[in-house]
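Please examine the structure shown below together with its sequence.

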Amino acid sequence: MVPLLRDVLGARYLMGATEAAQGFRWAQFQFPAGGVIELIEPVGSQGFLQDFLEQRGEGLHHVTLRVRDIAARAAELEKLGWHPFRPNYVNPVWKEVFLHPRETHGVLVQLAESELPYPKEIEYYQQLDLEGLMT
């Protein structure tokens, strides 16, 4: 996907990292007219992503929507009858909660919040250049 995103569609590499404890690596690319897409791949043979690929094969894993005050938004969703799950608000740089595909027409929806402005978040996560990430 990297050659398609970068060389054909004109996206530029933004940031990426290896989340070894969770068993995956990710990289984000930004398109010239706006929009960001994130690629994720498993690292090792264990973890949620490996399980997903074994069950469903390659393809869309989730859609991320940025929100303000994620805990309040999750509470609002619960009041409206939704069932947010796997809330993780520990890391102020990346807080997240999910809506299950059973409730969202087959798509896992991730709601996310960062206390950092987006340029600072990019700086924080620029752990590897693209070549280092791909090796």
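The model is predicted, and local features are given only at pLDDT of at least 70, side-chain atom pairs only at pLDDT 80 or more, while totals for chains, interfaces and linings use all residues. Residues are numbered from 1 along each chain as its sequence is written, and side-chain values use heavy atoms, with hydrogens and water left out.

Helices (H or I, at least four residues) and strands (E, at least two) are DSSP runs numbered from the N terminus. Two strands are said to pair if DSSP finds at least two bridges between them. In general, strands of a sheet pair through backbone hydrogen bonds, either parallel or antiparallel.

Strand S2 covers residues 24-30.

| Strands | Bridges |
|---|---|
| S1 (residues 12-19) and S2 | seven bridges |
| S2 and S3 | seven bridges |
| S5 and S6 (residues 95-99) | two bridges |

S1 and S2 form a hairpin with four residues between them, and Gly23 in that turn has a positive phi of about 80°. The hairpin of S2 and S3 has five residues between the strands, and its turn includes Gly34, with a positive phi of about 110°. Phe24 in S2 stands opposite Glu19, and its bridge partner in S3 is Pro42.

Six of the seven residues of S2 are buried, where buried means under 20% relative accessible area, exposed over 50%, and partly exposed in between (1.4 Å probe, protein chains only). Pro42, which lies in S3 (residues 36-42), is partly exposed because its relative accessible area is 23%. Apart from neighbours within four places in sequence, Pro42 is in contact (heavy atoms within 4.5 Å) with Gly23, Phe24, Leu49, Gln50 and Leu53. The C-alpha atoms of Pro42 and Asp7 are separated by 23 Å, and these residues are 35 apart along the chain.

**The four-stranded sheet**

A mixed, open sheet is formed by four strands in the order S4-S7-S6-S5. S4 (62-66) and S5 (85-88) stand at the edges with a single partner strand each, so one side of each is left without a neighbour in the sheet.

Val8 belongs to helix H1 (residues 2-8). This residue is exposed because its relative accessible area is 61%. Met1, Leu4, Val8 and Leu9 make a nonpolar surface patch of about 400 Å². Such patches consist of residues with over 30% relative accessible area and no salt bridge, like charges being joined within 9 Å and nonpolar side chains (Val, Leu, Ile, Met, Phe, Trp, Tyr) within 5 Å. A salt bridge is a side-chain nitrogen of Lys or Arg within 4 Å of a carboxyl oxygen of Asp or Glu. Accessible areas come from the Shrake-Rupley method with a 1.4 Å probe, and for residues only the protein chains shown count as cover.
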